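This report is a guided reading for someone who is meeting the structure for the first time.

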Amino acid sequence: MKVHVETTINSEPVELLAEPRQSLLEVLRDELGLTGAKEGCNNGNCGACNVILDGRLVNSCCVLAVEVSGKQVVTIEGVAEGETLHPLQQKFLEEAALQCGICTPGFIVAAKALLDREPEADEARVRYWLAGNLCRCTGYDKIVRAVLGAGAEMRNRASNTSNRGRTNGY
Amino acid sequence: MRAVTYLAPRSIEEAVSVLAEHGTMASVLAGGTDVIIQAREGRKLVDVFVDVKNIAETRALAWEEGGLLIGAAVPCAEIYEDSEIASRYPALIDSAALIGGIQIQSRASLGGNLCNASPAGDSIPTLIVLGAIAVIAGASGRRELPVEDFCVAPGRNALQPGEMLVALRLPAPRTNSGAAFERFIPRNEMDIAVCNCAASVVLSADGQRFESGRLAVGAVAPTPLLVADASAALEGQSVSDQTTKAAADRVAAAARPITDMRGSIAQRKHLAAVLATRVINKAVERARGRRA
Amino acid sequence: MATVWIPSLLRDLCGGDDRVTVAGETVAEAFERLDEACPGIRGRVLDGGRVKPGITVFVDGEEMESLRQSLRPESEIQILPAMGGGQAL
Amino acid sequence: MVIEERKTYRVIGTRPIRHDGIDKVTGRAQYGADIRLSGMLHARTLRSPHAHALIKSIDASKALALPGVKAVVTGADFPEVADSIEDMGEAEGSLRDLSANVMARDKALYRGHAVAAVAATSVHVALEALALIEVDYEVLPAVLDVRDAMRSDAPLLHERKTASIAGESEKPSNVAKHDQFAWGDLEDGFGQAEVVVEREFTTEMVHQGYIEPHASTATWNSDGQITIWTSTQGAFTIRSQASGILAQPISRVKVIPTEIGGGFGGKTLVYMEPVAAILARKSGRPVKMQMDRTEVFEGTGPTSGSYIRIKAGATKDGKLTAVQSYLAYEAGAYPGSPVTAGAMTHVAPYDIPNCLIDAYDVVVNKPKVAAYRAPGAPAAAFAMEQVIDELAEKVGSDPLQFRLLNSSKEGTRGPGGRPFKAIGHEQCLRAAFESEHYKSPLEGPTRGRGVASGFWFNAGMRSSVTVSINPDGTVNLIEGSTDIGGTRTSLAMQLAETLGITAEDVKPTVVDTDSVGYNDVTGGSRVTFASGMAVYEAGMDMRRQLIARAAELMGAEAEELEYRDGAVVHKTDESKRYSFKQLCERIFERGATVVATGSVVGRGVGGAFATHVVDVEVDPETGKVDILRYTATQDVGTAIHPAYVEGQIQGGVVQGIGWALNEEYYYNEPGQMLNASFLDYRMPTSLDVPMIDAVIVEVPNPGHPYGVRGVGEVPIVPPLAAIANAVYRATGVRQQKLPMSPRRILETTFGLE
């Protein structure tokens with residue numbers, strides 16, 4: 001028996017029919033064609049399927065699609081603003097923080113959830129926050145550097161914006 | 001194909017009535033980080049998911065008479081982000097902040113962790129030593145049960161068919177008290193505990209003597225254990241390595257673990273003593289920090 | 001004259017030597033000459049016109065392309081086990 | 001940090017953004033499971049719950065009756081295939097074995113062995129149908145450990161005899177192969193030895209652990225054309241394996257490689273590709289098959305568990321005199337462990353005058369192994385490098401200086417007998433010795449520093465590319481090496497260097513098996529080396545053609561012109577010149593175009609050495625080992641894109657850390673892997689490792705136009721031993737078994753039963 005679900009994905013209203021047994025991951029990938037979230041383990045142990053649900057980082061394999069009714073979902077497809085990459089995406093490219101790339105969407109979504117809350121997160125905090133995301137290619141070194149770099153970039157932008165704001169105020 | 005139904009009741013009464021209607025094929029869905037996976041992997045047959053997250057009472061964090069009422073579906077992240085909880089129940093934060101990764105903590109609740117009744121559940125020893133009470137609702141009304149009596153076997157809890165956990169009630173922390181939780185895992189995150197342990201202590205006003213204590217240990221028996229004689233070994237004794245060792249030895253003696261891919265019998269008994277020592281020391285430190 | 005490195009398990013066919021020098025313009029000819037010096041060795045390595053499964057023949061450090069491959073006077077032929085699950089040299 | 005001077009390049013050695021980067025950071029890149037075709041069915045596999053069992057019958061009638069089920073396949077649907085040697089990517093083996101591994105026939109040889117598969121309208125229907133298939137098994141005793149399997153009374157997996165170059169054994173056994181390497185005079189060598197160390201070691205099976213589970217989609221048209229989309233390290237390899245197993249001409253099979261979410265050697269064999277094809281033929285619809293994580297652990301190739309014994313002798317002043325090694329590797333259910341590579345690599349870093357190595361390939365009731373990053377070498381190095389460490393300690397030598405004294409160098413006997421050409425082991429040892437890390441003090445009661453070296457051959461094999469110009473002065477680079485870690489860019493950079501243009505002006509694309517010349521697998525650290533050579537060849541071909549075109553345009557003879565700095569220039573009159581971009585424009589204006597090709601068998605492979613330094617701290621109460629600091633030096637020949645070279649080193653090290661400390665296939669007695677999930681298999685997380693300091697040493701490979709050596713594999717060779725040596729220094733106890741889990745450390749070191 002399919003359930004009608006009205007939700008918001010990457011700021012767009014979305015209506016869909018989901019079977020109660022279907023995970024959010026399955027519906028994102030198979031029904032909505034949003035294949036950026038990946039299935040690595042399907043039991044909450046690798047983070048490849050990460051999305052942000054009402055501001056919180058979750059494994060979309062551990063959420064039923066029917067649960068997201070009335071909620072806000074952000075997937076990797078919603079991280080860039082149009083053609084402008086998010087600082088995390090830019091830093092992942094600059095720092096060579098991906099090899100095969102399968103875990104990359106999950107890492108970027110997870111890191112976004114961190115930096116949205118704590119742009120000043122240090123290495124220890126980044127490593128702790130990302131421990132639910134497995135990467136088998138990079139050894140994490142360049143990923144951690146990319147996230148730290150993106151945090152610095154975001155802090156810079158924020159302070160530039162606020163400085164400009166003050167200047168305009170004069 | 002087998003049909004699966006999803007229900008999202010708005011009140012405890014409604015939830016209890018659908019649970020009663022569907023019997024053992026219904027399962028409460030809170031954070032879902034265990035039950036969704038168990039259902040997917042065929043470890044649990046679920047025909048009806050009863051999502052209790054739309055019920056205000058299961059999502060509440062409320063202070064009452066200095067104690068804390070934690071809705072059964074409140075996710076770990078909401079608990080450890082609450083600075084008042086962090087200052088009054090640091091042991092609870094020890095647990096909530098290491099259940100799974102961030103992604104799990106966004107969803108997983110202490111209530112769910114308790115209901116899952118894993119011998120290794122990382123919040124259960126803490127809830128036990130903090131003296132938490134499980135608030136249970138059923139068709140015939142409410143009842144309360146100490147958390148140490150809640151788990152009855154691996155994966156089995158004391159809920160009767162048609163009952164659900166509504167909340168956990170934590171008594172107010174006493175003056176000169178402190179508590180702590182630690183687990184041992186081979187990695188630094190994302191593992192099931194090989195052994196875990198929690199202690200709470202109440203010290204004398206000068207901080208030199210144990211007035212009372214509680215010790216609980218997990219992953220070493222079919223259910224997390226409240227080790228009464230270890231608690232007794234603290235009572236009235238001076239705070240010393242010797243006292244701590246005596247209690248820790250009793251924790252290890254109470255352990256009756258198995259050998260599996262996560263650890264061996266000897267390893268788990270050994271770790272029970274190591275972790276007991278560590279959490280007693282940490283609880284003492286916290287108690288002294290909190291001296292009136 | 002090409003030098004053939006003899007695998008240890010075949011050295012008893014060659015009087016214990018680990019290297020045998022033979023004439024031959026091609027690898028095939030070298031194996032014929034080798035078989036005259038060490039009777040029976042050809043059949044251990046070759047199965048008619050091809051190298052037996054599980055064996056790799058190298059000429060001057062590179063995997064042999066064919067038995068008709070020509071040899072230089074100072075060429076070296078190595079008979080090595082193929083690398084299951086691994087990599088050719 | 002980059003050591004050693006090298007030639008000046010314009011593009012090589014820079015760090016451009018990878019060409020496929022944006023697709024991969026935005027979620028657009030299409031991996032194996034992302035394929036969606038019109039009318040596509042979803043298929044899942046039924047797997048043996050027993051480690052060793054006769055399959056007496058399979059009844060799928062109830063499954064077929066379930067609404068939504070469109071086809072079922074069992075071993076009976078597969079053609080009988082000859083026992084020929086097939087292109088197995090990085091392995092060599094029999095097609096019959098490979099076919100039986102893809103779908104069991106009369107016998108299931110490991111838990112997880114595929115016995116049937118169902119295609120249905122949804123995954124959930126397919127899964128429900130699997131439960132309705134009735135298989136009648138007769139369970140047989142299983143043998144799981146390599147030494148048990150070698151016993152004369154062990155249950156036999158196959159009625160096969162032990163093969164060696166000297167012939168076959170008389171009796172069937174589980175020992176598939178015996179290799180031997182011998183040189184010098186062993187007795188004499190040990191006679192000269194003043195210190196001798198002899199130890200035995202065991203390792204368990206471990207998995208590559210790529211994050212993307214296998215996924216394959218197939219169509220089988222009524223004209224007989226088969227198309228397979230799959231996540232693989234080698235589209236051409238999959239094509240030959242699939243055509244062999246399906247008994248279809250190779251021309252009927254097209255393989256389209258998707259993006260690949262990690263492989264490390266494990267995606268070089270067919271698993272579901274032929275199954276999906278047969279289901280597609282039976283159902284008349286496209287069929288997508290995926291594995292879940294448990295299936296990946298139980299049903300695809302890990303690398304071998306092993307038993308290794310090494311005896312080594314040295315003089316008091318620290319010169320090695322003799323080594324004797326015995327290696328037995330688990331092949332899994334079918335022959336083909338990487339024991340030979342283990343046998344040849346572990347002695348390669350050293351000049352050993354007298355040596356005898358015996359190597360045995362042994363079948364056991366566990367998954368058939370596949371290649372895993374430097375296959376066979378890490379386990380052997382785990383053993384050898386600890387024995388070397390112990391000898392160094394006994395003669396009172398610094399472990400790096402001991403290695404330096406005995407190091408292989410140009411002219412030393414190489415693996416297989418021929419002397420090494422230019423190699424960089426000594427340079428790696430010196431870089432490690434002079435590193436800030438090695439010079440820094442390490443204090444604390446349960447801390448220790450360990451070092452170890454490693455060697456990997458690297459591979460050449462076949463590569464083909466096509467290069468064509470565009471009117472705007474960019475070039476298309478068409479290649480067939482699936483890109484697991486940035487090789488589109490490392491190839492584009494070599495082409496850019498050859499043509500004197502920028503990396504961004506090269507547009508690399510990985511295409512299917514119908515669209516480019518033959519390419520062997522992305523494996524053996526060969527792509528940047530061998531496909532790089534093909535790219536260089538195509539670039540030089542392009543340069544010749546451009547000179548000819550420019551000659552026409554200038555009214556000059558081709559001999560009067562040369563290609564220099566991205567332009568065709570008149571040798572005596574430099575005012576006559578066309579930049580690459582101008583030439584492209586002019587050629588198209590004249591209604592012409594230029595296409596160049598490169599196709600090579602990669603000769604001149606340069607072996608790679610690495611030396612690692614690691615500091616650990618051992619918690620004496622819990623047995624847990626923490627990695628405090630890690631430095632990896634490695635001779636990479638020439639670093640084309642240093643950031644991705646560092647990435648390969650860092651990734652290999654962390655896989656090695658996982659193998660050393662926690663990863664293992666943990667079996668119960670009947671042969672079930674009890675930890676077949678990412679939860680319990682325990683690969684390292686970001687919180688388990690420090691930053692990994694990669695020290696790039698560049699000793700250019702004389703066999704490659706830009707001096708490239710493969711870099712991907714050797715970084716996983718030293719970590720196991722380096723960590724074991726560090727744990728020894730921290731605790732005083734030698735670790736002879738992997739993994740060095742907290743439980744093992746407590747048991748070996750702190751008196752736990």
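## A term and a first example

A salt bridge, as the word is used here, is a side-chain nitrogen of Lys or Arg that lies within 4 Å of a carboxyl oxygen of Asp or Glu. The model is a predicted one, and in it the side chains of A:Arg56 and B:Glu81 form such a pair, with 2.9 Å from N to O. Side chains of opposite charge can pair when their charged atoms come close. Over all chains the rule gives 77 salt bridges.

## Which chains meet

Four pairs of chains are in contact, and of these chains A and D share the most contacts. Chain C has no contact with chain A, and the closest C-alpha atoms of these two chains are 20 Å apart. Chain B and chain C are likewise not joined by any contact, their closest C-alpha atoms lying 28 Å apart.

## Chain A against chain D

In one salt bridge the side chain of A:Lys142 meets that of D:Glu646, at 2.6 Å from N to O.

## Chain B against chain A

The contact between chain B and chain A draws on 31 residues from chain B and 28 residues from chain A. It buries about 2400 Å², of which 56% comes from carbon and sulfur atoms. Within chain B, the residues that lose the most area to chain A are B:Arg40, B:Ile102 and B:Gln103, which together make up 27% of what that side buries.

Four salt bridges are counted between chain B and chain A, along with 13 residue pairs in polar contact where both residues are at pLDDT 80 or more. On the side of chain B that touches chain A, two or more residues each come from E1, helix H2 (35-40), E3, helix H3 (76-80) and H6 of chain B. H6(B) gives the most to this side, with four residues, and the side as a whole divides into 14 nonpolar, seven polar and ten charged residues.

Which residue of chain A does the side chain of B:Arg107 meet in a salt bridge? The partner is A:Glu67, at 2.9 Å from N to O. B:Arg107 lies in the loop between helix H6 (102-105) and helix H7 (110-116) of chain B, whereas A:Glu67 lies in the loop between strand E4 (56-59) and strand E5 (72-74) of chain A, so the pair joins two chains.

## A parallel sheet in chain B

Three strands of chain B form an open sheet in the order E1-E3-E2, with parallel pairing. Strand E1 (5-7) and strand E2 (26-29) of chain B are the edge strands, each pairing on one side only. Neighbouring strands of the sheet are turned against each other by 25° on average, direction ignored.

E2(B) pairs with strand E3 (residues 48-51) of chain B in the parallel sense over four bridges. Here B:Leu29 has B:Asp51, in E3(B), as its bridge partner.

## A mixed sheet in chain D

In chain D, four strands form an open sheet in the order E24-E23-E22-E28, and the pairing is mixed. Strand E24 (506-510) and strand E28 (595-602) of chain D stand at the edges with a single partner strand each, so one side of each is left without a neighbour in the sheet. The twist from one strand to the next averages 20°.

Strand E22 (residues 461-469) of chain D pairs with E28(D) in the antiparallel sense over eight bridges, and D:Ser468 stands opposite D:Val595 in E28(D). Helix H15 (residues 487-499) of chain D packs on this sheet, where it touches E22, strand E23 (475-479) and E24 of chain D, and its direction makes about 130° with that of E23(D). Helix H16 (residues 527-554) of chain D also packs on the sheet, touching E22, E23 and E28 of chain D, with its direction at about 145° to that of E28(D).

Terms used: Residues numbered from 1 in each chain as written. Chains lettered and ligands numbered in written order. Predicted model: local features only at pLDDT ≥ 70, side-chain atom pairs only at ≥ 80, totals over all residues. Heavy atoms only, no water. Contact = heavy atoms within 4.5 Å. Pairing = 2+ DSSP bridges. Axes fitted to C-alpha atoms, helices over the stretch in contact; angles between N-to-C directions. Buried area = accessible area lost by both parts, 1.4 Å probe. Polar contact = N/O pair within 3.5 Å; in protein donor to acceptor, adjacent residues only side chain to side chain. Nonpolar A, V, L, I, M, F, W, Y, C, P; charged D, E, K, R; others polar.
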